[in-house]
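The sequence and model come first, then the details.

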Amino acid sequence: MPSVTLGDIDARLLGGRLENNSLFFPQAERYRAINSAVKVLNLFTGFLQRTVTIYVEANRAIYDVPTGILVPARIEIDGVFLDKCGLYDLSHSHPTWLTDTSATTGVPTYQWSPIGISKFALYPAPSAGGGLLQITGIAEPTPLVSTSDRISFPNEFSDAVEDYAAHLLQIKCGGAIAAQAMVLYSQFMSRANELKRFKGKIAPQFKVEVDAAE
């Protein structure tokens, strides 16, 4: 996968969108904006993922999502992938899911259900502990602090990162500049919808009205 450095993104951001105004947009602010852009785009697209392994506990149905994973996407036990099931469907199809185990139901653990983004449930709960439980999901990006720090994402993601960072920086200007910065936000949202890996629609909390060019 291609990768770019913080210095690469910052140079394009400063020269292409901020008119090389490093006095009004100091480096520390630009770096914070870039890191924010990477975090937001990563939530939409899941381009940074990691896998964390923990041990299954006997008769335990609910687990915490491991530190370092923001949103779980895939779970496997001892190399076997589990089917994903919504909590609503699980509760209605198996009303006693909180107390069911593989011993009482007679079937091995075969599905998992997210509970928000911080917990998940296994159904039925394994009656024996010690198995390897691997959770794969969207990873928390490591903050970029040095110009040589690299972040791996496809090249087509770069413009979206720069648009989001630029709009964050220009909002502080107020007036017409801040209004025009929202054009960059609209461009970011449009690109995020194209790049997203999830089925749900990305809907911002507000709409952006932009005056037509004269």
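Val 52 stands opposite Ile 135 in E9. The strands E2 and E9 pair in the antiparallel sense, over seven bridges. Strands here are DSSP runs of E with at least two residues, helices are runs of H or I with at least four, and both are numbered from the N terminus. Two strands count as paired if DSSP finds at least two bridges between them.

This is a predicted model, in which local features need pLDDT of at least 70 and side-chain atom pairs count only at pLDDT 80 or more, while totals for chains, interfaces and linings use all residues. Residues are numbered from 1 along each chain as its sequence is written, and side-chain values use heavy atoms, with hydrogens and water left out.

**The antiparallel sheet**

E2 and E9 belong to an open sheet of four strands, in the order E2-E9-E4-E5, with antiparallel pairing. Its edges are strand E2 (49–55) and strand E5 (80–81), each of which pairs on one side only. Strand E4 (residues 69–77) and strand E9 (residues 132–139) are antiparallel too, joined over seven bridges. Across that pair, Val 71 stands opposite Ile 138 in E9. Arg 74 has Thr 136 in E9 as its bridge partner. How much of E9 is buried? Six of its eight residues are, so E9 is largely enclosed by the rest of the structure. Buried means under 20% relative accessible area, exposed means over 50%, and partly exposed lies in between (1.4 Å probe, protein chains only). In a regular strand, side chains alternate between the two faces of the sheet.

**The mixed sheet**

A second open sheet has four strands in the order E3-E8-E7-E6, and its pairing is mixed. E3 and strand E6 (83–84) form the edges, each pairing on one side only. Strand E8 (residues 119–123) is mostly covered, with four of its five residues buried. Strand E3 (residues 62–64) runs antiparallel to E8 and is joined to it by three bridges. There, Tyr 63 has Phe 120 as its bridge partner in E8. Strand E7 (residues 111–115) is also antiparallel to E8, through five bridges. Ile 115 is partnered by Lys 119 in E8. The hairpin of E7 and E8 has three residues between the strands, and in it Gly 116 takes a positive phi near 65°.

**Helix packing**

Two packed helices are described by the angle and the distance between their axes. The axes of helix H1 (residues 6–17) and helix H2 (residues 27–45) come within 11 Å and cross at roughly 110°. H1 is therefore roughly perpendicular to H2. Axes are lines fitted to C-alpha atoms, for helices over the stretch in contact, and angles run from 0 to 180 degrees between N-to-C directions. Angles under 35 degrees count as roughly parallel, over 145 as roughly antiparallel, 65 to 115 as roughly perpendicular, and the rest as oblique.

From H1, Leu 6, Ile 9, Asp 10, Leu 13 and Leu 14 meet Arg 30, Tyr 31 and Ile 34 in H2. Contact means heavy atoms within 4.5 Å. The residues of this H1–H2 contact divide into six nonpolar, no polar and two charged. For these classes, Ala, Val, Leu, Ile, Met, Phe, Trp, Tyr, Cys and Pro are nonpolar, Asp, Glu, Lys and Arg are charged, and the others, Gly among them, are polar.

**Single residues**

Leu 14 lies in helix H1. Beyond its neighbours within four places in sequence, Leu 14 contacts Glu 19, Asn 20, Asn 21, Ser 22 and Arg 30. The C-alpha atoms of Leu 14 and Ser 93 are separated by 55 Å, at 79 residues apart along the chain. Gln 170 sits in helix H5 (residues 158–170).

| Residue | Relative accessibility | Class |
|---|---|---|
| Leu 14 | 14% | buried |
| Gln 170 | 11% | buried |
| Cys 85 | 13% | buried |
| Cys 173 | 28% | partly exposed |

How many disulfides does a search of the whole structure find? It finds zero. The criterion is a pair of cysteine sulfur atoms within 2.5 Å.
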